[in-house]
Amino acid sequence: QVQLVESGGGLVQPGGSLRLSCAASGIIFSRYVMGWYRQAPGKQRELVASITSGGLTNYADSVKGRFTISRSGAKNTMYLQMNSLKPGDTASYYCNARRSVAAMSLDDYWGQGTQVTVSS
């Protein structure tokens, strides 16, 4: 059974830090592009950051310089280090694992989400 389990969310003050984790099981981890998405109430889900097996990363402009995505093949786990958090970062954060060939999606898995709230 494929599972993506997020952890590490919580309540933090502006300027604070959190580290999110996504533990993957039931997949060959190295074959997947991993990513973090977030969605605030009433707003569209957006890509926060992604990382390939080779370590190529991509970040949303709003988080560049503040967030760092990484992955551990040995642990089958992806991380998102979030620093200098802002109230606008408040959202549910979702782990995604995706594998595709050309225009065809082969696999697309999602975790259950973890809540991040940035507030004074």
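**Close-up views of a predicted model**

**View 1. R38, E46, R66 and D89 are linked in a network of salt bridges.** A salt bridge is a side-chain nitrogen of Lys or Arg within 4 Å of a carboxyl oxygen of Asp or Glu. This is a predicted model: local features need pLDDT of at least 70, side-chain atom pairs count only at pLDDT 80 or more, and totals for chains, interfaces and linings use all residues. Residues are numbered from 1 along each chain as its sequence is written, and side-chain values use heavy atoms, leaving out hydrogens and water. R38 is buried, at 7% relative accessibility. E46 is partly exposed, at 33%. Here buried means under 20% relative accessible area, exposed over 50%, and partly exposed in between (1.4 Å probe, protein chains only).

**View 2. The side chains of D108 and R98 form a salt bridge.** The N to O distance is 3.4 Å. D108 sits in strand β10 (residues 104–110) and R98 in strand β9, so the pair links distant parts of the chain, 10 residues apart. Strands (E, at least two residues) and helices (H or I, at least four) are DSSP runs, numbered from the N terminus. D108 is partly exposed, at 35%. R98 is partly exposed too, at 32%. How many salt bridges does the structure hold? The count is six.

**View 3. A disulfide joins C22 to C95.** A disulfide is a pair of cysteine sulfur atoms within 2.5 Å. The two sulfurs are 1.9 Å apart. The torsion about the S-S bond is about -70°, so the disulfide is left-handed. C22 is buried, at 0% relative accessibility. C95 is also buried, at 0%.

**View 4. E6 is buried yet has no salt bridge.** E6 is found in strand β1 (residues 3–7). Which side chain of opposite charge is nearest to E6? R45 is, 7.9 Å away. Lys and Arg count as positive, Asp and Glu as negative; His and the chain ends are not counted. A polar atom of the E6 side chain lies 2.7 Å from the backbone nitrogen of C95. For the backbone nitrogen of Q112, the distance to a polar atom of this side chain is 3.0 Å.

Conventions. A polar contact is a pair of N or O atoms within 3.5 Å; within protein, one must be able to donate a hydrogen and the other to accept it, and residues adjacent in sequence count only if both atoms are side-chain atoms.
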